[in-house]
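Have the model open as you read.

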Amino acid sequence: MTFLTSGNILLIGSILIFCSILITKAGGRFGIPALLLFLLAGMLFGVDGAGIVFNNIRQAQFVGMIALCIILFTGGIETQYKDIKPILAPGLVLSTLGVVLTTVLTGGFIFLLSEWKTFPLTLPLVSCFLLAATMSSTDSASVFNILRTKNIRLKNNLQPMLELESGSNDPMAYILTIVLIQLAATFLGQNAADISSSDMIINATVVLIQQFSLGVLLGASVGIAGVWVLNKIELKNVPLNSIMLLSLVFFTFSFTDMLGGNGYLAVYLAGIIIGNHKIPNRKQISSFFDSLTWIVQIGMFLVLGLLISPSSMLQSALPAAAIALFMIFLGRPLSVFASLLPFTKMGNSSKMFISWVGLRGAVPIIFAMYPVVEGIPGSEQIFNIVFFITLLSLIIQGSSIGWVAKKLDLVLPPEKEKQFDLDLPEEAGELREMTLTAEILEEKGRTLKDFQMPKGLLVMFIKRNDRFIVPNGTFELREGDHMLIVAGSDYDQ
């Protein structure tokens with residue numbers, strides 16, 4: 001066996017990451033989600049595999065907390081308000097009411113299983129709902145990663161809706177988990193008989209209101225302040241803008257959490273506000289957080305894989321499989337269809353697809369650590385069950401998203417491949433591409449002078465085969481040429 005120490009962690013960590021990326025290269029050919037492979041790689045190198053021992057759940061929880069902050073913030077800055085505006089109402093309903101319904105339905109099912117005397121699961125009522133709460137949200141890391149890496153374009157604004165739901169429903173699941181941990185600690189403690197039910201309900205309600213209100217208030221405040229700071233402080237060293245934003249992410253989470261608010265909600269909201277305002281060096285900031293998101297996702301899934309012992313997890317395989325199948329085929333669909341009842345314009349095929357993309361991933365596992373850290377009776381069994389359900393969800397749902405989308409006729413034709421990989425500062429205008437066809441040349445002419453571009457539009461480059469050409473007005477255009485056009489800020493469409 002090999003224990004992780006300060007002396008070998010860099011060596012072992014670099015080998016783990018390198019091998020994991022090679023594994024994902026091979027697994028990608030079979031449509032297996034990359035994050036699932038990172039999780040399996042961690043298990044492969046863990047105590048029951050290569051023998052690396054990592055059993056510090058508090059350190060794993062800390063790694064997960066950092067990773068979730070970065071993943072949610074990155075999801076926030078990449079979420080454009082114009083994309084989510086049409087689906088804002090159903091997305092928020094799914095991320096709040098949908099989470100509650102999933103907890104209620106799944107918790108009730110788990111309680112029925114635990115009451116079945118011959119079934120290998122025995123949990124008190126409050127622990128049944130605690131287990132359900134840890135799994136009640138879709139995993140933002142898994143949903144963002146799979147939807148974007150599979151490069152599937154979906155009809156009916158489904159992609160922004162799913163990303164909005166997965167990015168905004170973690171706070172609700174976190175709040176339910178924390179409230180139910182408090183209830184479990186009270187009802188399963190030695191002084192449970194002395195606790196008033198009305199007091200517990202009042203305390204739970206106060207926690208809910210406090211978590212949401214402070215999360216929204218502080219997240220919005222930091223987001224607005226972050227935009228102001230980025231635009232007012234002109235840093236000559238461009239990478240420092242990204243590092244300063246990263247410090248704001250951690251400050252937002254920790255300060256909100258210290259005051260009793262929901263740090264994950266605050267981070268996500270701050271990301272949305274910053275991402276929807278003009279900020280300097282947007283491309284560099286986005287590239288920085290995209291790379292950082294991949295790093296923390298790999299690290300988080302590897303650490304979680306190392307943490308689990310497959311032999312102990314398999315002891316909970318039967319109840320975990322039963323709960324997973326209930327959630328995939330009954331619990332999630334029922335909560336989605338019930339939540340979306342008021343939205344009559346949304347078709348059943350869209351609702352079915354939303355139901356299917358109820359991916360579980362790192363978030364439920366991290367939330368399942370909280371009961372273990374707090375010493376709740378039966379928490380180790382809860383953790384093993386949640387881990388097994390996550391594996392099944394990523395295997396069954398994560399590997400079949402593209403196939404299900406095609407079967408439900410929800411796939412749009414792929415976008416045309418970009419010929420130019422260039423960006424402009426926001427204040428300078430926007431770049432557009434045009435591919436010349438025989439019809440366009442017949443109508444407009446065969447030189448740029450004949451095109452008579454409107455004021456504010458300028459052809460910068462022409463790509464012909466693999467050549468890039470800077471044209472003048474008499475340059476002869478051909479069918480198949482790709483034109484890169486800049487629309488200046490003074491262009492009036």
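## Helix 5 against helix 9

Helix 5 and helix 9 cross in a right-handed way, where right-handed means the near helix is turned clockwise from the far one by less than a right angle, and left-handed means anticlockwise. Helix 5 covers residues 88-115 and helix 9 covers residues 170-187; helices here are DSSP runs of H or I with at least four residues, numbered from the N terminus. Their axes lie 8 Å apart at an angle of about 40°, so helix 5 is oblique to helix 9. Axes are lines fitted to C-alpha atoms over the stretch in contact, with angles from 0 to 180 degrees between N-to-C directions; under 35 degrees is roughly parallel, over 145 roughly antiparallel, 65 to 115 roughly perpendicular, and the rest oblique.

On the helix 5 side, the contact (heavy atoms within 4.5 Å) uses Ser95, Thr96, Val99, Val100 and Thr103, and helix 9 brings Met172, Ala173 and Leu176. Sorted by class, that's five nonpolar, three polar and no charged residues. Nonpolar here takes in Ala, Val, Leu, Ile, Met, Phe, Trp, Tyr, Cys and Pro, charged is Asp, Glu, Lys and Arg, and everything else, Gly among them, is polar.

## Ground rules

This is a predicted model, with local features needing pLDDT of at least 70 and side-chain atom pairs 80 or more, while totals for chains, interfaces and linings use all residues. Residues are numbered from 1 along each chain as its sequence is written, and side-chain values use heavy atoms, leaving out hydrogens and water.

## A look at Ser95

Is Ser95 buried or exposed? Ser95 is buried, at 2% relative accessible area; the cut-offs are under 20% for buried, over 50% for exposed and partly exposed in between, with a 1.4 Å probe and protein chains only. Beyond its neighbours within four places in sequence, Ser95 touches Glu165, Ser168, Asn169 and Met172.

## Helix 2 against helix 13

Helix 2 (residues 34-45) and helix 13 (residues 282-307) have axes that come within 7 Å and cross at roughly 40°. The pair is therefore oblique, and the crossing is right-handed. Among the residues meeting there are Leu35, Phe38 and Phe45 in helix 2 and Trp294, Ile298 and Phe301 in helix 13. The contact's residues split into 12 nonpolar, three polar and no charged.

## The nonpolar cores

The largest nonpolar core has 126 residues, a core being buried Ala, Val, Leu, Ile, Met, Phe, Trp, Tyr and Cys residues joined through side-chain atoms within 4.5 Å. Helix 13 supplies its largest share, 12 residues.

Key. Helix = DSSP H or I, 4+ residues; strand = E, 2+ residues; numbered from the N terminus.
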